[in-house]
Structure formats: C-alpha cells, structure tokens
Amino acid sequence: MLVLTARHANGFDGFPLDDPWIHLTYARNLAEHHGYVYFPGERPSAGSTSPLYTLLLALGFAFTRNEKLLSYGLDVLFQLLFLATFAAWARRRLQSPVWAALAVLFVAFDARIGILSVSGMETSLLLFVLALAFLGRLSGRPWLAGTALGLAVWVRPDGLILLLVFVLDGLLERFATRRPEGARLPPPGSRAGGGRRRSPAPQSSPEPTEREAAGRWLPLLLPAGGLLAGYLAFNEAVGHTLLPNTFAAKTAYYAVYSRLTFLRAELVSGFTAGGWLVLAPLAAVGLGREVVGLATRRRGWLRPEAGWVVGLVLAYLVLLPYPHRFFRYLVPALPALALLGFRALEDLGARLAPARVFRWRAAAGVGAAVVLAAAGWLSARAAARGLEDYRAACAYHHDRHERTGRWLARHTAADAVVATHDVGAIAFYSRRRIVDIVGLVEPEAIGHLNRADYTQYLADLFAREKVTHLAVLRNWLEVANVAPLFLADPQPELMEVYPWVPGVTHLVPEPAARLGALAAAQLRAGNPNAAADLALESLAADSLDSRTWFLLGLARESAGRWADAARAYAQATALFPTFDEALAREAVALTQLGRGAEAIPVLERLLEDEPGYPGARDLYRRLRP
C-alpha cells in the first residue's frame, strides 16, 4: 500500500533514504564485475553495513535489473517471514493465540516498521533473523538460535548485542537460580514457583536438567561463533577493518550529538509514537518486573527480550546517540518491547479477573479491550501519517539524489570523478567514480570529521584523487566562488553540482558557513545591522567566501551605506568574477555614489556573461556618454 500510494502521488517509485543505493551499487558491481567494489576497477571496501543483504541483492540482479522491484521484493519477502516467525515467538511468550495475534498485528501496523519494510534497507531481514534467534532459543533448538545470531551479525553489527544478551542470560539462568543437581528448570515463559498457575506454552522437548541446559550452549555458540568469525574475516579482507566503514563513520560523525537529547527527546518520542503511547508504560512495567526478578535472583519471564531492548538502547546511547530517520536503528527493539507490554497487560488482566482466570467478558477483559482499542486507534493514525511521510521522503530523495545521479550520467565524461557526502543514488545512477567525503565507503575521511581542518583536508583529497565535480547539499558543505552546473531542487535543501577547479572552487569551513546562514536569516528578518555584524564574523573566519561578501554588501545597502556596499560587492566579484548578482548590485551601488564611469566596466562584465540580466542593459545605456 505504501508503494502504491507513493507511486500514485509522485508518479514514480522511490526509496525514503539514500542508503539503499549503497547496497545496490555494491550488489550491481558484484553481479556485473564479480568484485565487492564501489566502482569497477577500484579496490574492495567494507562500505555496506549489511554484507548478507548486499549478497542477496547481487543474486537478485540475475533475475531483474529493476533495482526498486528487486529491493521491494526482498523487503516484503523478509517482512512476511518476520511476521510469521514473530507470531510463533509471541505464541510461546503469551497466554493464547489471541494475545499472540494482537501482538503481531500491533507490530505489523507500526508506521516505522511499515515504512522500512519497503525502504530498500536490510531492516526486514534483520527483524526476521532476530525473531528466528528468539524462537530457536525458546523452542529448544540452539543450533537454530546460533545460526540466526550469526546471520544477524552479517545483516547488521547490532546482532552482536543479542549474542551477548543470550550468553549473559544463559549464565544468569545457570548461576543466579542454581538448583540441586538433576532438578528441572521451568520452561521459558512460565513462572518460577508460587502464584497463579498457567498453562505453559508448548515445548518441543522435555524440561532440561541444569547440566543438560549448560550443554545446549555448544550448538548455539558453534554456528554463531563460526559465522561471526567469517564476518570479521570478510571485513578484514575487503576493508582491512573488523566492522564496516559505516560503523566508524557514523560513530565519528554523531559523536558530537547530545546523549541527554537522545534520552530525553529521541527515545521518548520514538517509544511513544502511535499506539506505543499506550503500550510503552505497560512495557516499562514488564522491564521493571525483569529488573526486580534479576535483583531477587528469580528466574525471569522475558529476560532475554528485556536484555535485548536495554542492550540495544545502551549501545546506541554510548556509541551513536541518534536513532536516525524512522527510528530505524532502534526499530529492532520494538517486537521484544511489544511482548513485554502485552505480557504485562495480559498478567494484569488475569490478576484482576474473577477466579484469577482471564475472561474477555469480565471487567478486566473489557478494560484490556479498551486499552487495546486505544492503542489500535493511535497506531492507525500514525500509519496514515506514515503514508505521507513515506511519499514525501521518496520524493525528496528522487528530486535530489536520483536526479543528480542521472544528470551526472548525461552531462559528464565517463572518467569524471565526483566528490559527495551522499554516496548512494548519485553513485548508482551516474556510474561515475565517487570520492566519499564522509567515510561511508572509504574510511580515510573519518578521522577529519567534525575537525577544523576538514575543508583543507578535502581540498588536498580532491587534488590527490583528481576530482572533477562536487555534488553536495549546501547545508552540509557550502561551496563558493564558482557557479553551480546543476541545481536538483531548491526546497527544502539545495543539492547542487559544482565543477571542482583547484585554486578557484572554495569550500567554506563550517563555522563560517553557520555564521553566514545566521546573517542571511537576520537580513531576511529586516535587521541589516545585525546581519552585517554576523557577516563580518563569518569573514573573519573565512575571508575567501564570495557569497558572504555579497551578503555583507546587501546588509550595507539596506542600511543606506552605499560606499561600504560597493566595496563588499567588489570583494565578492574579485573572488568570483562571474557572480552576476554581485556585479549587478555593485553597478547599482556605484551609480548611487555618482561613479557611473566605474559602473560601466562592471556592467560590461555582467552583460558579457549574462546578456539578458534584468535591467542591466538599460542601466548600461543610461550611463554610457
């Protein structure tokens, strides 16, 4: 439905992120050139977060060359497998098929999970193998759990967290709740001693002794460890690193993000979106119960699920305090969190029901139904907003990244070298060699991110790599002193293609660009003096930015300081001789000062570059003697 709605509204298929084309570029080169490379002839690199997903895409290219059809097909397939596996997992954790079905429906209609299920990303595959790992552990098939854990690491490094959670939970199960030799452990999902009795979920094997339970870890750790070793060896072989470049690049780039904001804003908004506003407090009760059980050395009810949720959140808090668009880094925690919430609701209703037996017709059942109805209504509203979010995100990336890549394919030579920070669609559609300026594909830039020497490093890198073009969002990297060759879409962010001319094309350092943006905002707000002060601060940090000199000229002109304005415009045109707007305003300023003779050559330069510039020829005719 998401794809069809977006296609109908936009007129094309798309992806809501740029990252899918990174997987597709590696996959296409693997299929066509039999190398794990980002550009044919280049050295291999560990630029795909998900080698397994990339391999599956490469196999898919044998059947279709339609990259979006291929990605949609894989995503939907793994989404269906995930939901089926999650249903079996939920059935083993909840009281009845009804509760399990409700949990599956709640998760399936989560707007973020729905968007990511047709995003061209590995999320659905990761959700499937994670659910398979939980199911394997609960059903007494450690080889299945171990294999799924190993595959999860090949999908995203986050799988390592679940492997550690399972190992830690096994140690807690063995030592925190020690029993006499030969005693039986209660099956996963049942209560340890006392309280309301309930029918345990069906088990595939008899309850193991403690020694038998310990012996089951070997068939889990062998496949998990073997696949993990293969994953590390693969990354070392292709990129001389144990983890993908994306891990180091993103942890370096987002290191400056506030962890307090992550906790107070990102987590709260992510875990209370849609129906989670109702279910999250119940899930918090479930998490609290697991903590109390751990503190009192009682066997947990859903301890692995609680450990996975807490472990994933803590890992991102410490390493990468940003959940990214559609909450996609933390979406894998949602199924486990849903089970904690549904289990808490189920148990609460059962405690309040007559005869301690849960009945939907009892007051407790009616209350639970009201809670579920509220969660469903909020989820439906969020899903409706998700349709528009998906459509808008697909249009955004199509209008900027896809169009830029296709423009480069049509208007640049086959040996052109393009430097960019968004390396997905631009690389895929242009088929040009890409110089990655953030370290996602090639790790060299990572050490310079968020450092004062970043723009100078890039200039040196471009010279070394013989860069011919830049494709950048202006709010990400501002380029000055040359005119853009292509503007993909002016709103809400400017994606531009510039020629890289050594010694002419200028990269504006981030502090100066930020001050320049503030100056422009003040000028738009009608505060020319404040704008001029900010522009001067920006120029103190970087005096080679023609755009800021022009901005200073506009601020001085708005304040009636024509002489200062003329000098600022002259500085701008000295740095950027074909800066049409600056040439036009310089001519006007000189005319206002009664220096028409000086304005004539300025207008001649403008008309030579842009003969039809509005008003320039009329002014030129008036000034000529």
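Here is a friendly set of questions and answers about this predicted model.

Q: What makes up the protein chain in helices and strands?
A: The protein chain has 26 helices and 7 strands. Both are DSSP runs numbered from the N terminus, with helices (H or I) of at least four residues and strands (E) of at least two. The C-alpha trace spans about 110 × 55 × 45 Å along its principal axes.

Q: Why is Thr-246 called buried?
A: Buried means under 20% relative accessible area, exposed means over 50%, and partly exposed lies in between (1.4 Å probe, protein chains only). Thr-246 has 7% relative accessibility, so it counts as buried. This residue is found in helix α12, residues 245-253. In the chain as a whole, buried residues make up 56% of the 625 residues.

Q: What makes Ala-46 a contact of Thr-246?
A: Contact means heavy atoms within 4.5 Å. Not counting residues up to four places away in sequence, Thr-246 touches Ala-46, Gly-47, Thr-49 and Leu-440.

Q: Why is Asp-158 called buried, and where does it sit?
A: Asp-158 counts as buried because its relative accessibility is 6%. Its place is in the loop between α8 (142-155) and α9 (159-176). Leaving out residues up to four places away in sequence, Asp-158 touches Trp-308, Leu-312, Tyr-316 and Tyr-329.

Q: Why is the set around Leu-162, Phe-166 and Tyr-390 called a nonpolar core?
A: A nonpolar core is a set of buried Ala, Val, Leu, Ile, Met, Phe, Trp, Tyr and Cys residues joined through side-chain atoms within 4.5 Å. The largest such core here has 109 residues, and Leu-162, Phe-166 and Tyr-390 have the most contacts inside it. Helix α7 (residues 123-138) gives the most to this core, with 11 residues. A second, separate core has 45 residues, including Val-417, Ala-419, Leu-458 and Val-482. In soluble globular proteins, nonpolar side chains tend to be buried together.

Q: Which residues does Leu-162 contact beyond its neighbours within four places in sequence?
A: Leu-162 is in contact with Leu-130, Ala-133, Phe-134, Leu-149 and Trp-308.

Q: How do you know that β1 and β2 are paired?
A: Two strands pair if DSSP finds at least two bridges between them. Strand β1 (residues 417-420) is joined to β2 by 4 bridges, so the pair meets that definition. The two strands run parallel. Val-418 stands opposite Ile-434 in β2, and Ala-419 has Val-435 as its bridge partner there.

Q: What makes β2 and β5 the edges of the sheet?
A: The open sheet has 5 strands in the order β2-β1-β3-β6-β5, with mixed pairing. β2 (433-436) and β5 (486-487) each have a single partner strand, so one side of each is left without a neighbour in the sheet.

Q: Which way do the residues of β2 point?
A: Arg-433 and Val-435 point one way, Ile-434 and Asp-436 point the other way, and all are buried. In a regular strand the side chains alternate between the two faces of the sheet.

Q: Why is Gly-424 called buried?
A: Its relative accessibility is 0%, so Gly-424 counts as buried. Gly-424 lies in the loop between β1 and α18 (425-430). Leaving aside neighbours within four places in sequence, its contacts are Asp-18, Trp-21, Ile-22, Thr-25 and Tyr-38. Gly-424 and Leu-24 are 400 residues apart in sequence and 8.3 Å apart in space, C-alpha to C-alpha.

Q: Why is Leu-606 called buried?
A: Leu-606 has a relative accessible area of 0%, so it is buried. It belongs to helix α25, residues 596-609. Leaving aside neighbours within four places in sequence, Leu-606 is in contact with Asp-580, Leu-583, Ala-584, Tyr-613 and Ala-616.

Notes. Residues are numbered from 1 along each chain as its sequence is written. This is a predicted model: local features need pLDDT of at least 70, side-chain atom pairs count only at pLDDT 80 or more; totals for chains, interfaces and linings use all residues. Side-chain values use heavy atoms; hydrogens and water are left out.
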